[in-house]
There are 2 protein chains.
Amino acid sequence: MDLERTPLLTDLYELTMLQTYLEHGMTERAVFEFFVRPAGPRRPFFVAAGVEHTLDWLSGMHFEEPELQWIRDSGLFRDGFAEELASLRFTGDVTALPEGTVCFPGEPIVRVSAPLPEAQLVESRLMNIVHFQTLIATKAARCRIAADDRRVVDFGLRRAHGAEAGLWAARACYMAGFDATATVAAGMRYGVPVTGTMAHSFILSHDSETEAFERFAHSHPNNVVLLIDTYDVDTGARQVAKLAPRLREAGIAVRAVRIDSGDLASHARSVRTILDDAGLQETGILVSGGLDEDSIAALVASGAPIDGFGVGSKVDTSADIAFLDSAYKLHEYAGRPRNKRSEGKQDLPGIKQVFRHFDVDGRMAGDIIGLTEEAAAGQPLLETVMRDGRRTGPAGTLDGARARCGEQLGQLPASLRALSTESGYPVTLSPGLNRLRSE
Amino acid sequence: MDLERTPLLTDLYELTMLQTYLEHGMTERAVFEFFVRPAGPRRPFFVAAGVEHTLDWLSGMHFEEPELQWIRDSGLFRDGFAEELASLRFTGDVTALPEGTVCFPGEPIVRVSAPLPEAQLVESRLMNIVHFQTLIATKAARCRIAADDRRVVDFGLRRAHGAEAGLWAARACYMAGFDATATVAAGMRYGVPVTGTMAHSFILSHDSETEAFERFAHSHPNNVVLLIDTYDVDTGARQVAKLAPRLREAGIAVRAVRIDSGDLASHARSVRTILDDAGLQETGILVSGGLDEDSIAALVASGAPIDGFGVGSKVDTSADIAFLDSAYKLHEYAGRPRNKRSEGKQDLPGIKQVFRHFDVDGRMAGDIIGLTEEAAAGQPLLETVMRDGRRTGPAGTLDGARARCGEQLGQLPASLRALSTESGYPVTLSPGLNRLRSE
């Protein structure tokens, strides 16, 4: 079972419902939309991500024989069901926000229009993909804004929630404007620039800090970033200052030092002085250790001489808000609108488009959520990316998504770039959607 | 690149350090220990998990040609490094807490003893595996305790952080005592019992709630659990009451109904009355919707007639504490103890064993962390599970881990079974460890 591909990475009910649909010939077209509900003052906007993986997954969606055998043996389905699944493919249409698009609560991020069994079956994995990547791209965008013009890199693999979380977090962070990741697999698979320094264990396994520094520098002469807090930060910085002339003779520059503990602002100041006094003005200071957008913003505001931030656990798990209240809702079946009325969860009916408006300075001024058939003013954001189970064009690139995200973060109203804000972005409903809603 | 296997799912620095180690013949034995630091009053204990996957991963650890080619092409390493990696395997020893063991801050969960390059290289993925599974098993154990004797099932795949997170959360929840999961892949791969109900979209795609219920019941006569809150909970329950006699004639029993929104305790009471009045005393009530250990405990305390809980996002992401402050620390290299002194992060030196003591009632009375060479009293918890890169015995079973966890949760002092507690469990240091620490 290839975990990245298997359609059994789903909730059982998708399969049990599918059996019932097939028994009753309920194979007419269904339209589902995936969106995110409001997430409070610390998430005034979201960055849409995960659509490219969704399309890859949908394109290859099929059951393999061992999976069908498990279904037969499970005792949970009627005879013959596995045989029907054997020929199942995704033949539907997908409309989505391009990756890296800045979006807001209630706005559809992905719409699936397909025969009901297909549109239902893909629910769990589609949400699993889009929810997580949107969660992390959003969190990372906040760090990107907080870091201003300083370098930000992702170090979060070890405490990300499993393999895919680590890999995808690296990609989502890069999309949101990070400069690099430490996760090598993200370099190989997605071309994300990879970077790294050294671990405390590297220092400890040597007889002295200087020996460790020197060996590393000669081994990696183009990327000398030295970790200086294993014993004492200032002492570590002085060792670097002492070692640098010897390295310079060998043609090696110390690109940066890293501080991973203690009062980072205060350490950065004293280290800067030590390095400057030694003529190492070109050597940067990178800090890490439990950072998130709040601590990054505080460090930037402190004026501490910090050139870059390494962030990990808090970003790769989106620790302050570890999941978004996202949903994949049926809005139409067999040409008729459908809407549930469960308490406290009234969602917008209809098949929707988002129309964005800008002010004279090119800043986002407001979105209108309307029905696809309405010819509302504004820039429509959702694009058809799959038709009859096939991509309508080449896959979007990560660099393209990153550029889009960077541009749109720059277009955000200043109030929404704050770390916490009660001021919302104006999202209004079109006349047609309002009419449908009140019906 | 097979994501579950690839050694490139690592931080770049593991590879850059490895190159330096190899250049200097630093291949003597290193000992690293993985442990978790204190996580506050809402995590007075942890449930160790992930060791079995770690052993699987270590056993198969090797570089494949496309990965080596990426390394050659990356420009980050010297010529010939890829060729050295080609023959690299894990040849070390692993000592660990058996999965499902209840443990405490500072206690080693996994120890790796191997030639330095190997022990270093495996750091990132080992942490990625053990940290996450321990995180979720711990969170799930809290739900298991809160639910008392009621059924608890995992519905969290869609908002888990990617594929592996969803799959492993299902396994970790089952290990911690959950009754089942909705995640089908966990049934196929690990034999976790799978279960499910139906989605609101299933109801909505039918012309009436009753039609949806009836079709589902005939399609899945042995597992009829009906979702009754799509329109109105009491109305839904009355539909079930009305439908039940017709189903009974067909030999079909309604096992349970599910309520997924609103005031769950109050809904459960009115639904119970409706069902009882219809003679459906055997039909259970399952509730879901944003549940965690706190809301489960509150519902249990309310005395509401609830038979089972479906939990999802908050458990599969451990939303209140989305990561644990875990570390994989070098304690010995080439026979000499090593320890860093970074501020605020003093860890216990030495190669350690945990010795557990019980009171006369069989409850855990206290642990002593000692050095392996000390013959302390108490039950030693860490076991050698891999020697020279090979498992020392058959893999531990999930059922075995589940039984161990259940037994040990039962042995916890009552104060530690509380949802939040300031009272700690007595973990003391042996004389030998205290001596080493003060040196």
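# A guided tour of a two-chain model

Start by selecting strand β5 (residues 110-115) of chain B, where five of the six residues are buried, so that the strand is mostly covered. Buried means that 20 or more other C-beta atoms lie within 10 Å of a residue's own; exposed means 12 or fewer, partly exposed lies in between, and C-beta atoms are placed from the backbone. Helices (H or I, at least four residues) and strands (E, at least two) are DSSP runs, numbered from the N terminus.

Before moving on, note that this is a predicted model, in which local features need pLDDT of at least 70, side-chain atom pairs count only at pLDDT 80 or more, and totals for chains, interfaces and linings use all residues. Residues are numbered from 1 along each chain as its sequence is written, while chains are lettered from A and ligands numbered from 1 in the order in which they are written.

**Stop 1: the partners of β5(B)**

Two strands pair if DSSP finds at least two bridges between them. Click on Val31(B), and you will find Ser113(B) as its bridge partner in β5(B). Strands of a sheet pair through backbone hydrogen bonds, either parallel or antiparallel.

**Stop 2: Leu85(B)**

Next, select Leu85(B) in helix α4 (residues 81-86) of chain B. Is Leu85(B) buried or exposed? It counts as buried, because it has 21 C-beta neighbours inside 10 Å. Leaving aside residues up to four places away in sequence, Leu85(B) touches Phe63(B), Leu68(B) and Ile71(B); a contact requires C-beta atoms, placed from the backbone, to lie within 7 Å.

**Stop 3: two helices in chain A**

Switch to chain A and select helix α11 (residues 233-249) and helix α12 (residues 264-277), which pack at an angle of about 25° with their axes 9 Å apart. Axes are lines fitted to C-alpha atoms, for helices over the stretch in contact, and angles run from 0 to 180 degrees between N-to-C directions. α11(A) and α12(A) are therefore roughly parallel (under 35 degrees; over 145 is roughly antiparallel, 65 to 115 roughly perpendicular and the rest oblique). To see who meets whom, show Val233(A), Asp234(A), Ala237(A), Arg238(A) and Ala241(A) in α11(A) against His267(A), Ser270(A), Val271(A), Ile274(A) and Leu275(A) in α12(A). By class, this contact of α11(A) with α12(A) has six nonpolar, two polar and two charged residues. Ala, Val, Leu, Ile, Met, Phe, Trp, Tyr, Cys and Pro count as nonpolar, Asp, Glu, Lys and Arg as charged, and the others, Gly among them, as polar.

**Stop 4: a sheet in chain A**

Stay in chain A and look for an open sheet of six strands with parallel pairing, in the order β7-β6-β11-β10-β9-β8. At its edges stand β7 (180-181) and β8 (225-227) of chain A, each with a single partner strand, so one side of each has no neighbour in the sheet. Within the sheet, three bridges join strand β10 (residues 284-288) of chain A to the parallel strand β11 (residues 308-311) of chain A. Ser288(A) has Gly310(A) as its bridge partner in β11(A).

**Last stop: where the chains meet**

Finally, show both chains: 82 residues from chain A and 82 residues from chain B take part in the contact. On the side of chain A that touches chain B, helix α1 (residues 12-23) of chain A gives the largest share, eight residues.

Key. Two residues are in contact if their C-beta atoms, placed from the backbone, lie within 7 Å.
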